[in-house]
Amino acid sequence: MKPGRRIASIVGCAVALAGAGAASVHAAAAPAPLPPASPPDAVKLSDEQLVTRWAYPGRRAVVYSRPAARSRRVTRLRLLTEDGFPELYVVLSRWTDPSGNAWLHIRVPRRPNGTTGWVAQSALSDLNVSHKLIDVNKRTLRLRVFDKGKQVFTARVGVGKAGTITPSGHFYVREKFHVRGVPLYGPRAIGTSAYAPTLSDWPGGGVVGLHGTNEPGLIPGRPSHGCIRLRNSDILRLYRLAERGTPVHIHT
């Protein structure tokens with residue numbers, strides 16, 4: 001081969017290699033787009049009225065804003081509530097990504113109220129099902145419990161006063177326990193996933209709970225710091241009806 005042709009050949013190879021390298025860099029710089037926060041083909045698992053599915057966390061996995069590990073981190077799953085009871089999460093829907101990874105869209109108990117996120121299905125236990133609903137109307141000061149759409153219980157309640165209102169939204173029962181030695185909370189207490197804007201009657205503040213009272217004359221009314229108070233006879237009945245994972249709808 002003549003020198004001129006050899007140089008041309010080398011230059012041609014260099015240009016081709018440079019072009020291939022540029023193409024590789026360009027391809028590496030363009031990852032697949034993130035899935036939407038609400039994929040249209042996600043399978044709905046809870047309507048939070050007749051059917052609500054929930055699960056316990058198996059590990060402190062990361063909760064993401066979208067069903068992808070490259071998306072923004074919202075928080076991590078918690079194993080225990082603020083009171084030391086097993087934490088649980090309502091599961092709204094399931095989506096499987098193109099690689100076959102299953103993701104669950106969950107409600108996250110934290111401020112701000114209404115936070116949701118996505119977690120790998122493997123991070124949660126098998127799903128449990130609730131067919132009940134607790135409905136709290138802050139205008140009429142009435143609580144109702146439905147089982148498969150049928151009303152099975154109603155009671156008058158006390159809610160937050162001006163300045164320490166009871167928040168509105170879709171929440172759920174996280175924990176239940178007997179109360180001893182604190183007449184202010186009555187004989188039973190039910191912790192929810194709602195958080196008061198400032199504080200609440202709940203020990204330690206923050207969590208919006210349903211509990212009894214040693215001042216039944218204030219019910220119905222607006223005497224609390226954010227929690228929902230019931231007469232002691234009513235909280236005893238509600239305690240038996242309200243399973244963990246039961247959705248709680250608070251509205252006006």
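How many cavities of 30 Å³ or more does a search of the whole structure find? One. A word on the term. On a 1 Å grid over the protein atoms alone, a cavity is a set of points where a 1.4 Å probe fits but cannot get out. Lining residues have an atom within 4 Å of a point. Grid points are joined across faces, edges and corners, and the volume is the space filled by probe spheres set on the points.

Two notes on the source. This is a predicted model, so local features need pLDDT of at least 70 and side-chain atom pairs count only at pLDDT 80 or more, while totals for chains, interfaces and linings use all residues. Residues are numbered from 1 along each chain as its sequence is written, and side-chain values use heavy atoms, with hydrogens and water left out.

Back to the cavity. The largest cavity holds about 70 Å³ of space. Its lining includes Arg107, Asn113, Phe171 and Ser193. By class, that lining has three nonpolar, five polar and two charged residues. Here Ala, Val, Leu, Ile, Met, Phe, Trp, Tyr, Cys and Pro count as nonpolar; Asp, Glu, Lys and Arg count as charged; the others, Gly among them, count as polar. Strand E13, residues 169-178, supplies the largest share of the lining, three residues.

Now the overall layout. The chain has two helices and 18 strands. These are DSSP runs, numbered from the N terminus: helices are H or I with at least four residues, strands are E with at least two. Of the 252 residues, 46% are buried. Buried means under 20% relative accessible area, exposed means over 50%, and partly exposed is in between, with a 1.4 Å probe and protein chains only. Next, contacts, meaning heavy atoms within 4.5 Å. Of the contacts with a separation of 6 or more, 61% are between residues 24 or more positions apart.

On to the cores. A nonpolar core is a set of buried Ala, Val, Leu, Ile, Met, Phe, Trp, Tyr and Cys residues joined through side-chain atoms within 4.5 Å. Which residues touch the most other members of the largest one? Ile134, Leu143, Ile190, Leu210, Ile228, Leu230 and Leu238, out of 24 residues. Elements giving two or more residues to this core include strands E9 (132-137), E10 (142-147) and E14 (188-195). Helix H2 gives the most to this core, with three residues. Take Ile134. Beyond its neighbours within four places in sequence, Ile134 contacts Leu143, Val173, Leu238 and Pro247, among others. There is also a second, separate core of 19 residues, and Leu45, Ala61, Val74 and Leu77 are among them.

Next, charges. Side chains of opposite charge can pair when their charged atoms come close. A salt bridge is a side-chain nitrogen of Lys or Arg within 4 Å of a carboxyl oxygen of Asp or Glu. The structure holds eight.

Start with Glu48 and Arg107. Their closest N and O atoms are 2.7 Å apart. Glu48 lies in the loop between strands E1 and E2 and Arg107 lies in strand E6, so the pair ties together parts 59 residues apart in sequence. Both residues are buried.

Is Glu87 buried or exposed? Glu87 counts as buried, because its relative accessibility is 0%. Arg78 is partly exposed, at 26%. Arg78 and Glu87 also belong to a network of salt bridges with Glu82 and Arg174.

Arg229 sits in strand E17 and Glu215 in the loop between E15 and E16, 14 residues apart. Arg229 is buried at 6%, whereas Glu215 is partly exposed at 39%.

Last stop, two loop residues. Ile219 lies in the loop between E15 and E16. Ile219 is buried, because its relative accessibility is 4%. Its contacts, not counting residues up to four places away in sequence, include Arg156, Val157 and Arg229. Leu184 is in the loop between E13 and E14. Leu184 is partly exposed, at 34%. Leu184 and Thr213 are 29 residues apart in sequence, and their C-alpha atoms are 5.2 Å apart in space.

Conventions
1 Å grid on protein atoms, 1.4 Å probe; cavity = no way out; pocket = protein on both sides within 12 Å on 5 of 7 lines; lining within 4 Å.
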